[in-house]
Structures are given as C-alpha cells and as structure tokens.
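Subject: Structure handover

Hello,

Here is the structure we talked about passing on to you. Please open it and keep it in view while you read the notes below.

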Amino acid sequence: LDWLENRARLTPDSEAIIDAEQSKFWSFAELNDLCAATAKWLYKQGVRKGDRIALLSPNDISYFQLLGACGKIGAIFVPLNWRLSPSEIEYILKDCFPKLVGYESSFQEKINHQVFFRYRTFLVSQDQIEVNEKVRFQPDSIYEKDPLTIIYTGGTTGKPKGVVLSHQSILWNAINTIVSWNLTNEDRTLTYMPLFHTGGLNALSIPILMAGGTVIIGREFKPEKAVCYLNEYQCTNVLLVPTMYQMMIETDLFKENKFDSIKTFLSGGAPCPLEIYEAFKRKGLLFKEGYGLTEAGPNNFYIDPVDALQKMGSVGKPMMFNTIKLVKECGEEAGINEVGEILIKGKHSFEYYWKNEKATIDSVKDGWLHTGDLARKDEEGFYYIVGRKKDMIITGGENVYPLEVEHWIASHPLIEEVAVVGLPDKKWGEMVAAFIVVKGAVTSEELKNYCAQKLGKYKI
C-alpha cells in the first residue's frame with residue numbers, strides 16, 4: 001500500500017515536490033524520508049491505526065507530509081478548510097475528534113482560537129519533529145479498505161459530511177487517472193487548488209506523484225504569478241477553477257505568453273463559461289473541462305483536448321476503471337440526449353460518510369453512488385453536465401436546466417456574470433429568472449431576443 005516508498009525506491013533523486021514561492025524542492029527519497037520520520041514522531045505521541053490527525057495550513061508540503069505519515073501508520077488524515085468560520089471548524093473537530101491537530105507557522109493566530117483548546121496541537125515543521133531513531137515503530141496491519149483520509153464537504157444542504165476515502169479509493173483514482181490521461185514521470189503540475197479539497201489533493205497532485213512526476217505548490221493565487229510559475233517550472237498540466245482562469249486570461253502576461261510546455265489546461269470545480277474556452281482557442285492552446293466530486297475520486301471522465309474543441313462543454317467519456325450510467329426519474333436508464341442523474345461505480349469511490357449511516361445509505365444503493373448531478377450523453381458517447389437535480393426548474397410542466405440558460409446568456413459580449421434560478425409563479429409554478437452583471441448597456445428586451453436565437457420560449 002505504501003506507493004510513496006516504492007516510488008522513492010524507483011526514482012529516488014527525481015523532483016517530487018517544489019514550493020514555488022520558496023524555490024525549495026524535495027526529491028522522492030527526501031519526501032519519503034520526511035513522511036517516515038513524521039510517522040515515527042506521531043507514533044511516539046501515541047498515534048495508532050484509526051486515530052485522526054487534522055491539519056490547518058495553506059497549500060504546503062505539510063499536506064503530503066501528514067498524508068504520507070498517516071498512510072504508514074494506518075491513521076486518518078483530516079485536512080481542515082481554513083476558510084471556514086470558527087464555529088464551522090468546531091463542528092468538524094467535534095465530529096472527527098482528532099488525536100492531534102497540526103498547523104503551519106503562518107496559522108499560529110488561528111490555532112490560538114478557543115476552538116482548538118480541547119485538542120493537542122503541534123507545529124508541522126521538519127525542525128519541530130525530532131525523531132528518536134530508537135522508537136519502536138510497529139504499526140498494525142493496513143488493508144486497502146481502511147480509511148486514509150476524511151475530507152469534509154458542504155454538499156447542498158445541512159452540516160458538512162466527512163467523506164471517508166480509503167487507501168483503495170485514493171490508489172484507484174490515481175491509477176485510473178494515470179492510465180486514462182496518459183500521465184508520465186515527465187508531467188509537472190502547478191497546484192493552486194486548495195489541498196484541503198479533493199481537487200487539490202487527488203485530481204492531479206497524487207496521480208502525478210505516483211507516476212513519478214513533479215507537483216509545484218502554489219499558495220495564494222495571483223494570476224500574473226501563476227503565468228510565471230507555469231513557464232518557470234515548465235508545467236505540462238494544470239487544473240484551475242473557472243474564476244482563476246477568468247482572472248488569468250485578463251492579464252497582459254497571458255496574452256504575451258505561448259505556454260510551450262503545457263499539454264492541457266484543465267478546468268474543474270464549477271461549469272466553465274464558453275468565453276474561457278474561446279480565449280484559449282484563440283491562442284491555439286488545448287483546454288478542457290473535468291467532472292468529479294469528493295465521493296468519487298474526484299476523476300471520472302477523460303476527453304482528448306482536441307475533441308474538447310469540437311465538443312465544447314463536454315467532460316468526455318468515462319475513464320478506464322469506472323462505470324457511469326444516467327438514470328431518469330422513473331428509474332429507467334436515459335437514452336441518447338436524454339437527461340438523467342449520474343450514477344458512478346468503481347474502486348475509486350468513497351467508503352462511507354463518517355458517523356453518518358443515513359447519508360451513506362441515501363447516497364449509495366446497490367454499489368452505485370447517486371451523485372445528484374444531471375447529465376446527458378450524445379450519439380458519440382460524450383457526456384455533458386447539465387446541473388443539479390435540486391436546481392432543476394419546472395415551469396408549466398417543462399424541465400429547464402439553469403446551466404444551459406446560463407451558458408447561452410454568458411456568451412453575450414456584454415455579460416460579465418449570470419446566475420439562473422427558478423422563482424415562484426402563480427401561472428407557471430416557477431418562472432426562469434436570470435441575475436445578471438453587465439459590462440455595458442444592454443436591455444432586458446435585447447437579452448430576451450438573444451436567448452430566442454438558441455432557447456425555447458419556456459426557457460426564457
């Protein structure tokens with residue numbers, strides 16, 4: 001199960017992690033030694049299999065340090081979203097009750113909050129973690145289905161749920177990604193996605209490390225710096241959210257650079273506006289979207305960037321080692337271009353929600369993860385995400401998917417941002433309403449006429 005130790009044996013001197021801001025790097029041998037030393041230190045503190053170790057930190061080597069250390073002991077790594085309020089963090093800590101809470105030095109002030117008084121805290125630093133080599137380190141046996149990390153996700157309603165990803169979940173997401181996306185030891189990615197989310201940790205970082213490639217860690221996203229790092233470190237793949245891409249394409253540096261080393265720009269986390277596709281297309285750069293969720297990987301689809309130009313907005317086809325089907329409300333499988341809920345099955349899927357049996361039963365039925373997301377499949381087998389089940393608008397008995405309307409309105413040259421929702425209506429049950437931020441003078445009537453070029457009347 002300890003793939004990092006095996007990778008360190010195969011390519012000990014290759015660059016594993018680079019801290020972009022500090023210009024510091026760790027080879028695979030150094031990264032594995034750091035994880036092993038931290039595992040021994042944790043063991044000395046009384047940490048055993050099944051204990052939770054939380055972390056409060058910006059993007060930093062400490063994420064890989066503690067994840068690797070927990071993997072060697074059989075402990076469970078719990079990365080904390082530092083953007084949450086103290087009460088939200090308190091809920092998570094009470095839910096998982098960590099044995100120790102690690103923190104990075106710049107978060108000293110946050111860790112001094114009363115929320116953390118009940119817990120043993122420690123500064124995650126190579127200088128702080130002194131290892132007594134005489135420590136007898138004999139962890140319990142570790143199995144594939146044992147939990148490796150709990151990642152808390154807000155979901156759409158209620159309190160955050162702890163998604164339990166096992167050694168198997170993370171391993172098979174990485175294997176699936178490496179094989180389906182053709183990753184190699186020559187791949188290098190810049191990780192600005194938060195490492196407390198599965199997108200930062202599991203979408204590209206761990207798969208590229210497992211393949212023997214290099215992860216460059218970025219902290220606070222600044223578009224000009226991001227462009228510089230992509231070129232300086234000769235990155236081949238990068239995953240960012242649409243907001244980051246929007247900020248990036250507006251910079252002069254983006255317009256001036258050719259990005260010769262980049263094979264693919266990948267967008268995730270939210271539906272991507274078509275204007276971002278167009279910005280990359282004009283520069284002759286390959287750009288595509290992905291789809292995932294904490295409970296499944298998060299990687300589930302692959303699309304060749306060349307196909308992405310022809311199938312704009314598609315997330316592609318299911319990857320090598322997972323199965324996907326679309327199911328309609330009546331329980332039947334959706335046909336070509338029919339909308340259905342995305343159901344996923346594969347070894348990359350999560351094990352259960354931490355201490356939440358009901359939510360687990362509601363989400364996983366007969367081995368299929370019910371995502372609550374809606375999609376359609378075209379004649380050639382390419383999938384398109386159309387929205388969430390709970391977001392669907394029903395007006396006069398007709399189904400309207402907000403994402404479709406949003407995409408079309410956003411393509412108007414004078415629209416900066418748009419969000420489409422359903423509002424109560426006496427006649428139709430619900431009416432389709434768009435909240436719009438404009439770049440210039442445009443009237444409601446002009447926008448309705450623009451929508452009529454593409455959308456049915458009941459969608460406007």
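Leaving aside its neighbours within four places in sequence, which residues is Thr177 in contact with? Those residues are Asn182, Leu183, Ala203, Pro207, Asn299 and Met319. Please keep in mind that this is a predicted model.

Some more on Thr177. Thr177 is part of helix H6, which covers residues 167-181. Thr177 has a relative accessibility of 0%, so it counts as buried. A polar atom of the Thr177 side chain lies 2.6 Å from the backbone oxygen of Asn173.

Next, the protein as a whole. Its secondary structure comes to 16 helices and 25 strands. The radius of gyration is 23 Å, and the globule rule gives 23 Å for 460 residues, so the protein is as compact as a globular protein of that length. Along the principal axes, the C-alpha trace spans about 75 × 50 × 45 Å. Of the 460 residues, 53% are buried. The accessible surface is about 21,200 Å², and carbon and sulfur atoms account for 49% of that surface. If you take the contacts between residues at least 6 apart in sequence, 66% of them join residues at least 24 apart.

Now a set of strands. Strand S17 spans residues 340-345, and five of its six residues are buried, so S17 is largely enclosed by the rest of the structure. S17 pairs with strand S16 (residues 323-327) in the antiparallel sense, over five bridges. S17 is also joined to strand S20 (residues 368-377) by four bridges, and these two strands run antiparallel. Glu341 is a residue to look at here: it is the bridge partner in S17 of Val327, and the bridge partner of Glu341 in S20 is Leu374.

Then there is Ser267. Ser267 sits in strand S12, residues 264-267. Is Ser267 buried or exposed? Its relative accessible area is 1%, and because a residue under 20% counts as buried, Ser267 is buried. Leaving aside its neighbours within four places in sequence, Ser267 is in contact with a list of residues that includes Leu239, Leu240, Val241, Pro242 and Tyr245. Also among its contacts are Cys272, Phe287, Lys288, Glu289 and Gly290. For a distance across the chain, take Ser267 and Ile409: they are 142 residues apart along the chain, and their C-alpha atoms are separated by 20 Å.

Last, the cysteines. How many disulfides does the structure hold? The number is zero. Take Cys235 as a case: the closest cysteine sulfur to its own is in Cys228, 12 Å away, which is too far for a bond. The cut-off for a disulfide is 2.5 Å between the two sulfur atoms. Cys451 is in no disulfide either, and the nearest cysteine sulfur, in Cys272, is 19 Å away. Cys235 has a relative accessibility of 0% and therefore counts as buried. Cys451 has a relative accessibility of 6%, so Cys451 counts as buried too.

Regards

Terms used
Residues numbered from 1 in each chain as written. Predicted model: local features only at pLDDT ≥ 70, side-chain atom pairs only at ≥ 80, totals over all residues. Heavy atoms only, no water. Buried < 20%, exposed > 50% of the residue type's maximum accessible area, 1.4 Å probe, protein only. Polar contact = N/O pair within 3.5 Å; in protein donor to acceptor, adjacent residues only side chain to side chain. Contact = heavy atoms within 4.5 Å. Pairing = 2+ DSSP bridges. Rg over C-alpha atoms; globule rule 2.2 N^0.38 Å. Areas by Shrake-Rupley, 256 points an atom, 1.4 Å probe, with all protein chains shown as cover.
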